[in-house]
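Please go through these notes with the model open beside you.

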Amino acid sequence: MALAATELALAEGVAGAATPQVDDLRLGIVGAGKFGTTLARAAIAAGYDVAISGSGPADDIALTVDVLSPGARATTTADVVRHADVIVLAVPTHRFRELPRDLFAGKILIDAMNYWQPVDGDDPELTTARDGTSVIVQERFPSARVVKSLNQLGYHQFEENRHPKGAPDRIAIGAAGDDRLAVRKVMRLLDRLGFDPVDAGPLNNGLALEPDGSPIAATYSADQLSKLVSR
């Protein structure tokens, strides 16, 4: 069952009061495109220590990162994995299979990708993924703790819709995953980034978070998104 942010706080209740949650404010991002650099900029503003990689040497993206995401560190993908326990996979979807299967072993891997045929080409496995494409990503990286999230909005919408906790116009982003602790950690990241986090349930519920291909993705309140994923 989906849990909104307030319900999650209640669920963590007494234990949270006795032992306050201390977030690990390190974030890794694999993918230095428009969304990856926008996310890095937002995470830096939220207090995170961010390492980001592209598809080649760190020097290839150093200037881009310095200009678009000041404060983030351009590095290799191997260093991104060493840097953080929470890593966002934000590469074009057709490229995730180029990464080694054991690369993200033990890491929380946020699948922020969306399969879009005009860009990614014809991929029968992803096209026919009845339980969503994140299930395929989990199969590719079996030792990672995959969570589908941060894929609902384009980079412009993501940047324009970040708001402080309690703001009346704050919108929701879901997190779907089979590892419940990983989902909770991703939800805390979403909250710090400026969104109301919604527990979207198991990983195959990630299908409900995938946009329909419209140029402008739909936005939801936490209650609206909770109802959507519950269906």
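1. Asp111 sits in strand S6; helices (H or I, at least four residues) and strands (E, at least two) are DSSP runs, numbered from the N terminus. At 1% relative accessibility, Asp111 counts as buried. Buried here means under 20% relative accessible area, exposed over 50%, and partly exposed in between, with a 1.4 Å probe and protein chains only. Which residues does Asp111 contact, leaving aside neighbours within four places in sequence? They are Leu89, Ser134, Val137, Val146, Val147, Lys148, Ser149 and Asn151. Contact means heavy atoms within 4.5 Å.

2. A word on the basis. This is a predicted model, in which local features need pLDDT of at least 70 and side-chain atom pairs count only at pLDDT 80 or more, while totals for chains, interfaces and linings use all residues. Residues are numbered from 1 along each chain as its sequence is written, and side-chain values use heavy atoms, with hydrogens and water left out.

3. Now the overall fold. The protein has 10 helices and nine strands. Its radius of gyration is 17 Å, close to the 17 Å that the globule rule gives for 231 residues, so the protein is as compact as a globular protein of that length. That radius is taken over C-alpha atoms, and the globule rule is 2.2 Å times the number of residues to the power 0.38. The C-alpha trace spans about 45 × 40 × 35 Å along its principal axes.

4. Of the 231 residues, 48% are buried. Among contacts with a separation of 6 or more, 67% are between residues 24 or more positions apart. The protein exposes about 11,100 Å², and carbon and sulfur atoms supply 55% of that area. Accessible areas come from the Shrake-Rupley method with a 1.4 Å probe; for residues, only the protein chains shown count as cover.

5. Check the backbone at Leu150. Its phi is near 60 degrees, a positive value in a residue other than glycine. Leu150 lies in the loop between S7 and helix H8 (155-160). Is Leu150 buried or exposed? With a relative accessible area of 3%, Leu150 is buried.

6. Aromatic pairs: rings of Phe, Tyr and Trp (its six-membered ring) pair if their centres lie within 6.5 Å; planes under 30 degrees apart count as stacked, over 60 as edge-to-face and the rest as tilted. The count is four aromatic pairs. In one of them, Phe104 and Phe141 have ring centres 5.1 Å apart and planes at 80 degrees, so the pair is edge-to-face. This pair links distant parts of the chain, 37 residues apart. Phe104 is in the loop between strand S5 (86-89) and strand S6 (108-111), and Phe141 in the loop between helix H7 (133-140) and strand S7 (145-149). Both Phe104 and Phe141 are buried. Elsewhere, ring pairs link Phe35, Phe158 and Phe195 into a cluster.

7. Salt bridges: a side-chain nitrogen of Lys or Arg must lie within 4 Å of a carboxyl oxygen of Asp or Glu. There are 13 salt bridges. Lys107 and Asp85 form one, at 3.1 Å from N to O. That pair links distant parts of the chain, 22 residues apart: Lys107 is in the loop between S5 and S6, and Asp85 in the loop between helix H4 (77-83) and S5. Lys107 is buried at 13% relative accessible area, whereas Asp85 is partly exposed at 40%.

8. Arg180 and Asp199 also meet in a salt bridge, at 2.6 Å from N to O. The pair links helix H9 (residues 180-193), which holds Arg180, with strand S9 (residues 196-199), which holds Asp199; the two residues are 19 apart. Arg180 is partly exposed at 33% relative accessible area, and Asp199 is buried at 4%. Salt bridges that share partners also join Lys165, Arg170, Asp191 and Asp196 into one network.

9. Arg26 pairs with Asp24 in a salt bridge, with the closest N and O atoms 2.9 Å apart. Arg26 is partly exposed at 34% relative accessibility, and Asp24 is partly exposed at 36%.
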